[in-house]
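Subject: Structure for your review

Dear colleague,

Please find below the structure that I am handing over to you.

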Amino acid sequence: MNELAFILIGIGTGSLYAMVAQGLVLVYRGSGIVNFAQGAFVMFGAYAYYNLYEHAGLSLGAALVVSVCFTALLGVAVQTLILRPMRHSSALARLIATLGVLVTLQATAVIIYGDRNFLITSLLPTNSVEVLPNANIGADRLIIFTLGVVLTTVLWAIYRFTSFGRLTSAVAQNPRTAASMGHSPDLIAAANWGVGGAIAGLAGVLIGPITSLEPINLPLIVLPALAAALIGSFASFPMAFAAALLIGVVESLMALHVKDPGWAQSVPFLVVIIVLIVRGRGLPLRSYLLDRLPSVGAGRVRVVPVMVFASLVAAFMVFGASDEVATYLTVTVTMSIMCLSVVVVTGYAGQISLAQYVLGGVGAFAAAKTVSSFGLPFLLSIVVAAVVALVVGGIVGVPALRSRGINLAIVGLGLAVALYNLVLNNGKYSGGVDGIPIDAPSIFGWSVDPFLHPTRYGLVCVVASFLVALMVANLRRGQVGRRLLAVRSSERAAASLGVNVYWCKLYAFMLASAIAAIGGSLFAFMQSVVLTSQFGVMSSINLVAVTVVGGVGSIPGAFVGATFVTGGIGTWLLNLIGLHVWLPLIGGLTVLYVLRSDQGLADMNIEGYRVLRSKLSRRREAKDADLAVPHVRRPARSDTGVSLRVPAQELKVEGVSVRFGGVQALDGVSLTVRPGTVHGVIGPNGAGKTTLVDALTGFADVSAGHVRLNGSDLNGASPMRRSRAGLRRSFQSMELFSNLTARDNIAVGCDEGRRRKYLTDLVRPGPIALSEAAEVAIEKFQLESMLDVPVESLPFGDRRLVAIARTVASAPSVILLDEPAAGLGSAESNELAELVRSLADVWGIAVVLVEHNIDLVLSVSDEVTVLAEGRVLAHGSPHEIRQDSAVIEAYLGVDAESADTVAVVTR
């Protein structure tokens, strides 16, 4: 019966989580954004209720209604003022914007109310109700459970049976199509954010009296709610409600049966993580065609300015700073190292990690234990901390192999919660409030005690930060940096070029964790006892926010962002005017400001300097500028003067079939592509042409048949393995790597994937070395003048050529070109035809050309296969295909006499 009582307690707790989870599901269904600030909305509603009832004198009912309305308006304001202008920003930026809202609302509450707890009057009765013999539950919990059931039923019915619900679903699936039909996606999103805010406000009014009202922990109620909503795929209200109840019950039973602290809060997250890893299906962040990724620095190290700046900082630390200022500066420097870990994992690799600060705490814990228990020297303990965190970071990064986007963010957050509760905040291991005592740090007998010699210790941290920054800069300039940025831009394109996407993700997590451990250890060792409980989950969220403020892809941005960390140099500056408590709010507001441009403060200053330098340069070169002429593309050179032949391999497709659920996309397709020939593939809309390309390159599972390259069966091989075997493809959308130059894009294409570069690039990245095939392609396609131009700035036709050059940069035996002429004019299409023909005739490549442009396909192909409804309709020479009556009737839709006049068809 004791267990039954705890189950009822868990149901009550789960009911609280369920209300927050329903708001998360509703907002996602209406706007495609997971609102990490939903817990802060709950806090806002609770504080509004407290002020209206306790201070404004409103009745309980009136305070409830007004609080709910205020929170609904807050939801509409966030969508309209912050997220709507970011509609073309990256999904990552929109996610971080909700973190910025969370930080801003929490910081505002701290400024107004401090960190005190407030007891507020409950709107609901609080007496105990005996629902079963010897099993009681609070009346307020019972009412909240009932409200949860009603709310879930109402929301399910609205979104399933009403026109508003159907319209919301339509907007969620395809906002552009909905807009073309006269429906406003922004209006639908604002309405859903308003309703989601109202639910959060109601939850705050009901939850505040139960949990007490305080701004530090109350917003974190979003964590279990996120887990529940995720189990429901952010789509199912009933599943999210059931999952929230289950989480509450598991927490309660764990508290009963497991006495070690932390397990009750951690087990639900661990279960969710296991479910997600097994399910392995990433929740898509709604994306748009014009998404902008956060800008990334070049990683270029200017030796003289860097040395001058480092010397000035060191001189100021030693000779000019007081002990107090040295301490503030040391905090900023150690935090900059932790910000650099976010630059690596999020800025470079594009992986959302909300656990970096906690991982820094894991490093501090490991370093403190090795010093206190084994007497290791200070520097060696930092190395051990980095190694331990590297291993833990690998474990944290494992879900990234099967998850992405919101899934990955919530998994990382869940692991951070588990690590914090089970280790860092567990007094059994961390020493509780007494911490882990350590000896005063020293380096080869030279005392760097932070209390006796704060400037010395600060100097050590400055040196460490510059060394780590140099390492991160080297990484950016090297092959591994290009691999990470390729994965960030397009995992599909990266894999098609032979990049090991899984290992790149794991490497980013591991390296970032080691860097975070260095910063966390140096920060923790500033005290005579290491208090690992200070490395909380909310601080991990703040760390991402301040890094975004500086510039999440920028090394200088890490140093700028660190100034917004409480206790650092920003606190000291604001303390001079008595406003240090405002620093978190300033940081939160600045996050929202910089996200509008996808540039951090450091990026803005650097860009401003570049613009000024460019203006001065243009003035000096005015005469030359007057003589300048626009770049005009000439026909590709037919002979580069370089003899290059690729290894001859034949691609043989034998009865390949592909099914997507109950849909037969391909049915027994067979064809053979011989070296030095062009094999065209055409077909009407839905014929299965792109599916064929995906199946041959490993992006779609083959349900029957075989794909053989030079006799070797490729069934089951990953896209990376097929690429390295000599089978490559291009994409209709090109999927060039944004923020990289044309040279960098082509360099990824000829990267041989050497594993030692993951270590050596950190120290000596070396210059970009292009393969012979890449050099020949650059010369033939006349790309020399645009190699150092970001691909985003190139004309459309030139981007097409860069994409093809990148594909052939490794001298593949077989390439599959998917709609390479899409969007090109007739002149550019003719030029492309010459290029395709030369790839076969001069290089000896076996080319598969999938195209809409019928004239292009028939003019360059040696053989043509026509697909219709996933089957081979016809096969033969271009002349035979032109005269085939079945092709003319089923595909071209015209009679035989006019077939030759058709140039372009719509797929």
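The notes below describe a sheet, a hairpin, the nonpolar cores and a pair of helices.

Please bear in mind that this is a predicted model.

I begin with the sheet. Strands of a sheet pair through backbone hydrogen bonds, in either a parallel or an antiparallel sense. Here, 6 strands form an open sheet with mixed pairing, in the order β12-β13-β14-β9-β15-β16. The edges are taken by β12 (727–729) and β16 (871–876); each has a single partner strand, so one side of each is left without a neighbour in the sheet. From one strand to the next, the twist averages 20 degrees. Within this sheet, β13 (residues 814–818) and β14 (residues 846–850) are paired in the parallel sense over 5 bridges. Helix α28 (residues 689–697) lies across β9 (678–682), β12, β13, β14 and β15 (863–868), and its direction is at about 145 degrees to that of β12.

An antiparallel pair can be seen in β1 (residues 128–132) and β2 (residues 135–138), which are joined over 4 bridges. Ser128 is placed opposite Gly138 in β2. The hairpin of these two strands has 2 residues between them, and Asn134 takes a positive phi near 60 degrees.

Next come the nonpolar cores. How many residues does the largest one have? It has 202, and those with the most contacts inside it are Phe36, Phe41, Leu226, Phe234, Val472, Leu475 and Leu522. Helix α13 (residues 323–348) supplies the largest share of this core, 15 residues. A second, separate core has 53 residues, among them Met734, Ala805, Ile854 and Val860.

Finally, I turn to a pair of helices. Two packed helices are described by the angle between their axes and the distance between the axes. For α13 and α18 (residues 454–477), the angle is about 20 degrees and the axes are 9 Å apart. Because angles under 35 degrees count as roughly parallel, α13 is roughly parallel to α18. The crossing of α13 and α18 is left-handed.

Yours sincerely,
A colleague

Note on methods: Residues numbered from 1 in each chain as written. Predicted model: local features only at pLDDT ≥ 70, side-chain atom pairs only at ≥ 80, totals over all residues. Heavy atoms only, no water. Pairing = 2+ DSSP bridges. Axes fitted to C-alpha atoms, helices over the stretch in contact; angles between N-to-C directions. Contact = heavy atoms within 4.5 Å. Core = buried A, V, L, I, M, F, W, Y, C linked by side-chain atoms within 4.5 Å. Buried < 20%, exposed > 50% of the residue type's maximum accessible area, 1.4 Å probe, protein only. Parallel < 35°, antiparallel > 145°, perpendicular 65-115°, else oblique. Left-handed = near helix turned anticlockwise from the far one by under 90°.
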